[in-house]
Amino acid sequence: MSNKSAILAEGLHKHYGKTHALDGLDLTAEEGTVLGLLGPNGAGKTTAVRILTTLLRPDAGRAEVAGLDVVKDADALRARIGLAGQYAAVDEYLTGYENLEMVGRLYHLQGRVARQRAKELLEQFDLVDASKRIVKTYSGGMRRRLDLAASLIISPPILFLDEPTTGLDIRGRLAMWEVISSLVAGGTTVLLTTQYLEEADQLAHQIAVVDHGHVIAKGTSDELKAQVGGERLELTVTHKADMNDAVQALRQYSIGEIQIDIDHRHIIVPVTQGPQILAAVVRDLDASQIAMDDLALRRPTLDDVFLSLTGRAAEETDEPIDIDTARPLERSAR
Amino acid sequence: MISTKVPTTQSLTPQARPSLYWTFADALVLAKRHLVQIPRIPEELIFATIQPIMFVLLFRYVFGGAIAISGTTYVNFLMAGIFVQTVVFGSTTTGIGLATDLQRGLIDRFRSLPMAKSAVLTGRTISDLVRNTFVVMVMWTVGLLVGFQPQGNFLYLLAAVGLLLLTSFAFSWISATIGLSVNSVEAAQSAGFIWLFPLTFASSAFVPTQSMPTWLRTFAEHQPVTQIVNATRGLILNHPDPKTIWIAIAWCVGILIVFIPLSVRAYGRRTAR
């Protein structure tokens, strides 16, 4: 892995009327790594991807991808990048095979090469059986895989994935993560936008948290989590009288200040290694004969990142995010 | 579930050819995309054909008896109007198709590829031209079944069809500009259609303009649809008027000169949502 920047953006600005979609965005991604852009809807993630993939011109600032200027060298750059996204941009009335062959042709591959490459990718993405069916008959996950396959036609050195797993179920999401990881292992540089901390955590070497069109924090997932405050136990005891005993029992697990809400019989304990200590906590509370209404282990979410970095929840931004899809995996911890 | 082997194809580098070659080659790839879809969405073509057939039957049998045309039968007068209306209405599919591509994110994908910029538009206008040719042929047949008797010689009829296709192509570019300028498929649908009603009905397509009030007649006699209808009608009925034909061609060429650059510009700026 060299230290050359595959993606470099400096002071990107883009506004639509009075809305500042990008307000001085800076980014760098080293060759062969994954840069995750994390932020709620309307933060400017998609606008950033569109500028880096030559679809939009920035109002100010500059950006280079693969050493090529996104405005001046746009034509040359398009032959070096792949773009896939949340809208699964494939033609519904073409078959899977026809879609890939068409994109291959439009990348100006020889007819023979385009056909062979289409077959290869259908095999790689487990779509051979569906290759002769029109895409309208595909499931959401299959469309997304076809869309990703289309972006890989020329094995581009740099790949842009705009919310590649939004709307996928957990199985589809895991499969997509696996594919992305294997591409990166093969040397591809990936810029990935996501609303899910979990996803950035799994895939990204570097994460840039974007809000209101600029980066408000960046670092590795561990660095960001440390900043956010890690995991915490949240419990509700049945009887108000047990509150003190419960706090005493939990003190040994706490790595910070324990928050207490007496009226709601609610206790929040910052912890590390939550899953491992959960059983011990339950045993201790049981031994002290403290009855509980609820016990949950909460991991840092995008909301927590926002709360910690901006003092407000992600939902309070101009375009509210869908709470049901914004925390896909966190609930499994409950 | 998903195998992750490294791609084996060796030469994934684009072929180097002059850009003019790609202007045509890319347009053909996209024209083919639309043409293979036609039999897969049969209802679209069926409805595109049923509408003008209804117009033929309604005008021929409902209004036909009440409209007297000097020198020929009403159905002979009517058919030129129907042909022009068919290609002009048919051109709206161009804009609707582009708005759909835009909404589905396909335009974003195409614009991120190293392909010719004009190809998405020319591919679509060419395939719509092929489609419209088919619909005109169906209309011609329906006309013959209800008593239409073309008078012009073969060359005149060929020229009439040529003018219709030029009209179809020109109006497709207006439609493309509209489709790329509005924000939804629904808007492309209504914005693409609404202005065509006064243009086709306040014209010589279905009735002679002499019966209209002066203000309307002034508009009707100078707008492009009337010129195109009169030129086509002259060719079909064997009394072609060179001046009208040239004016009709000039309108079409003028439309192309204005709307090709406008739509290419709109395409270069648009992204989904």
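This is a predicted model: local features need pLDDT of at least 70, side-chain atom pairs count only at pLDDT 80 or more; totals for chains, interfaces and linings use all residues.

Biologist: What percentage of the residues in chain A is buried?
Modeller: A residue counts as buried if 20 or more other C-beta atoms lie within 10 Å of its own. Chain A has 334 residues, and its secondary structure comes to 12 helices and 14 strands. Of those 334 residues, the buried ones make up 48%.

Biologist: How are helix 3 and helix 4 of chain A oriented to each other, parallel or oblique?
Modeller: Helix 3 of chain A covers residues 96-106 and helix 4 of chain A covers residues 111-124; their axes are 8 Å apart, at an angle of about 130 degrees. Angles over 145 degrees would count as roughly antiparallel, and 65 to 115 as roughly perpendicular. The two helices of chain A are therefore oblique.

Biologist: How many charged residues are in the contact of helix 3 with helix 4 of chain A?
Modeller: Helix 3 of chain A contributes residues including E101(A) and R105(A), and helix 4 of chain A contributes residues including R115(A) and R117(A). The contact residues also include 6 nonpolar and 2 polar ones. The charged residues number 4.

Biologist: Which element of chain A supplies the largest share of the side that touches chain B?
Modeller: The contact takes 39 residues from chain A and 33 residues from chain B. On the side of chain A, helix 2 (74-78), strand 6 (81-85), helix 3, helix 4 and helix 6 (170-185) each supply at least two residues. The largest share, 5 residues, comes from helix 4 of chain A.

Biologist: How many residues on the side of chain A that touches chain B are nonpolar?
Modeller: That side of chain A divides into nonpolar, polar and charged residues.

Biologist: In chain B, how are helix 3 and helix 7 oriented to each other, parallel or oblique?
Modeller: Helix 3 (residues 74-90) and helix 7 (residues 154-181) of chain B pack with their axes 8 Å apart, at an angle of about 25 degrees. Angles under 35 degrees count as roughly parallel. Helix 3 and helix 7 of chain B are therefore roughly parallel.

Technical notes. Residues are numbered from 1 along each chain as its sequence is written. Chains are lettered from A and ligands numbered from 1 in the order in which they are written. Axes are lines fitted to C-alpha atoms, for helices over the stretch in contact, and angles run from 0 to 180 degrees between N-to-C directions. Helices (H or I, at least four residues) and strands (E, at least two) are DSSP runs, numbered from the N terminus. Two residues are in contact if their C-beta atoms, placed from the backbone, lie within 7 Å. Ala, Val, Leu, Ile, Met, Phe, Trp, Tyr, Cys and Pro count as nonpolar, Asp, Glu, Lys and Arg as charged, and the others, Gly among them, as polar. A residue is buried if 20 or more other C-beta atoms lie within 10 Å of its own, exposed if 12 or fewer, and partly exposed in between; C-beta atoms are placed from the backbone.
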